[in-house]
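Hello,

Please find below the structure that I promised to pass on to you, followed by some notes on what turned up in it.

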Amino acid sequence: MNTIPLTHFLMLAAVLFAIGLYGVLVRKNVVIVLMGIEIMMNSANLNFIAFSKFYSASRVTGQIFTLFGITIAAAEVAVGLALVIAIFRQAKTVEVQEIDTLKG
Amino acid sequence: MEYLFERCWLIPLFPLVAAGIIAFFKNDRRKGATLLAFFAMALSLILSCLLFFFYLTYPKAHEVNRTLINFSWFTSGHTPEVIGFIIDPLTLMMLLVVTIVSFLVFVYSLGYMHDDSRFVRFFCFLSLFSASMLGLVISNSLLILFMCWELVGLCSYLLIGFWYEKPEAAAAAKKAFIVTRVGDIGFFIGLLLLYHKTGTLLLYGETLPGILSPEVLNSLKTNAITFPFFGGLLLTTIAGALLFFGAMGKSAQFPLHVWLPDAMEGPTPVSALIHAATMVAAGVFLVGRMFPLLEGSGAMPFIAWTGGFTALFAATIAVAQFDIKRVLAYSTISQLGTMMMALGLGGYVAGNFHLMTHAFFKALLFLGSGSVIHGCQGEQHMMKMGGLRKEMPVTFWTYLIGTLALAGIFPLSGFWSKDAILLEAFRQNRSLYWIGTTTAFLTAFYMFRQIFLVFMGEFRGHGKPHESPPTMLWPLRILAILSIFIGLVGMPFLFHNPFHYFLTLEHDVSSPSYFVMLVSSGAAILGILTATLLYGMRPISKEDPLAPVLKGVFRILEKKYYMDEFYEKTFVRLTTSLAHFFKEVDRVLIDGFLQRTGFATLALSQFNQWIDNFFINNGFDKACAGIRGGGGKLSRIQTGRAQDYLFYAAVGAVVLYLLFRAL
């Protein structure tokens, strides 16, 4: 019954993480960067569930972690989008490359 | 009465304060300066007189003839340096003499210095001098005495050189200062010797012993130092002789007498006060003060013979001088020599008695000569005077009284004091007695020569001489009265010499010698007759009538035995050549060395500067520039874009992963 091995889950999570990282590092639109972060977070959640299924005795520890993670991700999106709006109002742009006030 | 005695230090303090205040006065505040100087001097005079009368009426004065006010000045290590003041008969006598003569000279100076532009300064110096002299006589410590001794020397210097625009006056001031300093070296060594041997410079002690305390004197009289040629000499002899060197300088004894005649370049009131009555008597006073130490020591014959020789030596020079003040200056040297002779023969009373009487009549003579000079518009050469008795009657009569007193004519003061000295010599040492009598003859001769040249005959100068103002005549009158009567206090016929009792608290038990009185009077009258024969009979022409009589000797006397020339050729030349030699040493060796050192330092510093510039500064600058450039380059990676930072983090993570893989 249990035919899909752990490695597949991890591969899928790694791919998702790489896609998310790519989006964060390369895309210019700040909203898409935010979406990339969401994807990276979900790949981490996927890892939690996979390890929970294969190694946890009660098999629920990872799922509870994941629930917390989803909650935090929702909050993070709310804060992140609020920041994006604030930055947009300030800088009149959504291009990540344009926002470089941290420059020394 | 004790209250007053314990405040005797006020006497020198008044003129000192006056001098200090006048020093800040401007040149045109004549009235303020004179008022202040007079007020201070009058206070000192009154206080001195009060002290004197209290002393005389004090019932216990016959037991304690000495009041001491000793106190510790400072403590060096564990030894307190005790100084103090003393009131004893000798001090009282000197206090009276100094304050009276000072006061009269102050009055006289009002007239004499009236036209001088440095009038205020004159009174400042004069007050300072009086203060120092009064401090000298009341000090109970050789330390204070020495300080005041140097202070009066300084005042003498300042006042001789008062008209410093005259090169002679400036030179005379320097000469006086340096020649007396030669004697002071001896004085100072004596001081050190006494301090080394006794541990104190106090004269009389109350609780601590002083130098003149009996036990200290005994130890000094029994200890000796052995010298290569002289053999063993007692400490009293050595210390006494050394202290006497100081007295020789100050009191112008041979061979240190050369400064006093030149000191006549100063204003005449100064000559009267400092170089006749008070400061030059300080040497005699010192010998009198240290008399308990000197008494019976080997220094006494030395003192007596120095004094006797100086007396005769200076009297012979005075015979052939033409400057009215120089005659008096040599006369002063001669009389000081007589005093020294008396003290050296053990005649403590006789020496001090003559010191007192001489102060009055010699001050009178100097002030009289000043009046003559004033009346003759500054002329001092006696050949250009003559006949002044008509124009200047008061000056003439007072001068005559002074001359008679100095010549020792009965019953003026000089007679009694000179008689006391000659009597002492007659009893102790016949050779010195005849020297003294010859001096008396010469004294009478040169003084009457002066009278004839200045006051008798016809006027030989230019212009019209005039009598001096009353401020100058009144001091003359008062001093004339004093010169007549002051000698009576030391009369042997009156209560066995009251002055003797005053000074020693013992009655003079010896009987007066009529032989000595007659011989000295005879010598004086012979001197007067000789002078009358030579100068009083014929009108005086260009030449001195004495010159053809003495021929070449007169020239030698006029040139003062060529002493100045001798000193000029020997000591002065030696000193100047030494000075030149050392100047060359200075220039070549010291300066050369310094110059080279300076040059080397300069070169070294230039080298250092180069190193600094090249290595230190350059290197530092380079390092700074490098750091700045590196910082600039590194700052490029701080772009401010969040994506770049995240990229670095990602790359870092990958690198870390690869690193851990490799391990």
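In chain B, helix H7(B) passes helix H9(B) in a left-handed crossing, meaning that the near helix is turned anticlockwise from the far one by less than a right angle. This is a predicted model, in which local features need pLDDT of at least 70 and side-chain atom pairs count only at pLDDT 80 or more, while totals for chains, interfaces and linings use all residues. Residues are numbered from 1 along each chain as its sequence is written, and chains are lettered from A and ligands numbered from 1 in the order in which they are written.

H7 (residues 167-198) and H9 (residues 235-250) of chain B pack at an angle of about 155 degrees, with their axes 7 Å apart; helices here are DSSP runs of H or I with at least four residues, numbered from the N terminus, and axes are lines fitted to C-alpha atoms over the stretch in contact, with angles running from 0 to 180 degrees between N-to-C directions. That angle makes H7(B) roughly antiparallel to H9(B), a term for angles over 145 degrees.

Turning to helix H18(B), which covers residues 393-407, 11 of its 15 residues are buried, so this helix is largely enclosed by the rest of the structure; a residue is buried if 20 or more other C-beta atoms, placed from the backbone, lie within 10 Å of its own. Among the buried residues are B:Phe396, B:Tyr399 and B:Leu404. After H18(B) comes B:Gly408, whose phi is positive, near 85 degrees.

Best wishes

Definitions and conventions: Helices (H or I, at least four residues) and strands (E, at least two) are DSSP runs, numbered from the N terminus. Angles under 35 degrees count as roughly parallel, over 145 as roughly antiparallel, 65 to 115 as roughly perpendicular and the rest as oblique. The expected span of a helix is 1.5 Å times one less than its number of residues. A residue is buried if 20 or more other C-beta atoms lie within 10 Å of its own, exposed if 12 or fewer, and partly exposed in between; C-beta atoms are placed from the backbone.
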